[in-house]
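Please keep the model open while reading.

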Amino acid sequence: MREQIEILASLQNVDREIKDKNLAKKSLTDEIDKRENEIGQKRREVAQLKAEWNEKEKLRREKDAQFQDEGRKATDKRMRMTRIKNIRELQALQHEVDQIKMQNSLIEEELIAIMEDLETRGAALKEREAELKTLEEAWGAEKDALAAQVAEIDKQVAETASGRQTIAAQLNGDLIGRYEMIFRARGGTAVVGVTDGICQGCYMNIPPQLANEIRKNERLNLCPSCHRILYYKPAEPTDGKHA
Ligand SMILES: [Zn+2]
């Protein structure tokens with residue numbers, strides 16, 4: 001059993017390494033996701049501004065067409081006036097032309113207001129587009145660097161995992177299953193030493209009889225408090241003197 005637990009302890013070292021690497025990878029991929037979301041948000045903002053600008057521009061074209069159309073009508077009526085001799089008819093036509101002119105000066109005012117609005121929106125849109133472009137360019141380079149780090153971690157984890165298989169092959173299958181369950185449930189510490197009768201996983205006292213069992217190392221012993229796998233680990237000298 002002593003040998004199995006020693007192998008288990010080295011398996012735990014490898015598993016911790018894999019766990020740490022995966023955590024490091026997670027913080028990198030979280031960062032990538034966060035930045036991508038930020039840029040996605042900016043892209044949507046720019047698209048929204050662009051859609052609003054297009055809507056206004058469509059309105060401008062409609063108003064402009066209306067303005068041109070009314071202008072042509074006024075011209076037509078003025079042309080007809082040159083051919084009419086009847087004074088009353090002439091006056092009626094003149095009145096119509098005046099009405100159109102009045103109407104058209106209102107349309108012109110609207111048109112000018114729309115064009116001013118378009119100009120303001122256009123400037124804001126350009127500014128945001130430039131900001132987005134700068135952001136995208138800066139992120140492009142940074143993202144490549146982060147992705148390379150992620151790929152490096154993946155490679156290291158794959159190597160470590162193949163080393164793990166070699167170690168795991170030397171262990172009893174039931175023991176590995178038990179160990180893995182504890183490893184997951186206990187935050188990456190499944191095998192711990194007992195020093196001076198204290199579990200080094202949860203720092204609770206181990207009953208003396210169990211402590212003796214652990215010293216003998218003949219069977220698998222679990223901590224009664226944290227349920228981790230225990231092995232005997234003598235205290236190291238702490239007074240600076242070396243034995
Ligand atoms: Zn414990």
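## Terms and basis

Two strands pair if DSSP finds at least two bridges between them. By this rule, β1 and β3 pair in the parallel sense, over four bridges. Helices (H or I, at least four residues) and strands (E, at least two) are DSSP runs, numbered from the N terminus.

This is a predicted model: local features need pLDDT of at least 70, side-chain atom pairs count only at pLDDT 80 or more, and totals for chains, interfaces and linings use all residues. Residues are numbered from 1 along each chain as its sequence is written, and side-chain values use heavy atoms, with hydrogens and water left out.

## Overall form

The chain has four helices and three strands. Their order along the sequence is α-α-α-β-β-α-β.

The radius of gyration, taken over C-alpha atoms, is 41 Å for the chain. A compact globule of 243 residues would have a value near 18 Å; that rule is 2.2 Å times the number of residues to the power 0.38. The C-alpha trace spans about 130 × 40 × 35 Å along its principal axes.

## Burial, contacts and surface

Of the 243 residues, 28% count as buried, that is, under 20% relative accessible area (1.4 Å probe, protein chains only). Contact means heavy atoms within 4.5 Å. Among contacts in the chain with a separation of 6 or more, 72% join residues 24 or more positions apart.

The chain exposes about 16,300 Å², an area from the Shrake-Rupley method with a 1.4 Å probe. Carbon and sulfur atoms supply 52% of that area.

There are 42 positive and 45 negative side chains. Lys and Arg count as positive, Asp and Glu as negative; His and the chain ends are not counted. The centres of the two sets lie 3 Å apart, with each charge placed at NZ of Lys, CZ of Arg, CG of Asp or CD of Glu.

## The sheet

The three strands form an open sheet in the order β2-β1-β3, with mixed pairing. Strands β2 (198-199) and β3 (229-232) stand at the edges, each with a single partner strand, so one side of each is left without a neighbour in the sheet. Five of the five residues of β1 are buried, so β1 is largely enclosed by the rest of the structure.

Strand β1 (residues 191-195) pairs with β2 in the antiparallel sense over two bridges. V194 stands opposite C199, and T195 has I198 as its bridge partner. Two residues lie between the strands of this hairpin, where D196 takes a positive phi near 55°.

How values were computed
Buried < 20%, exposed > 50% of the residue type's maximum accessible area, 1.4 Å probe, protein only.
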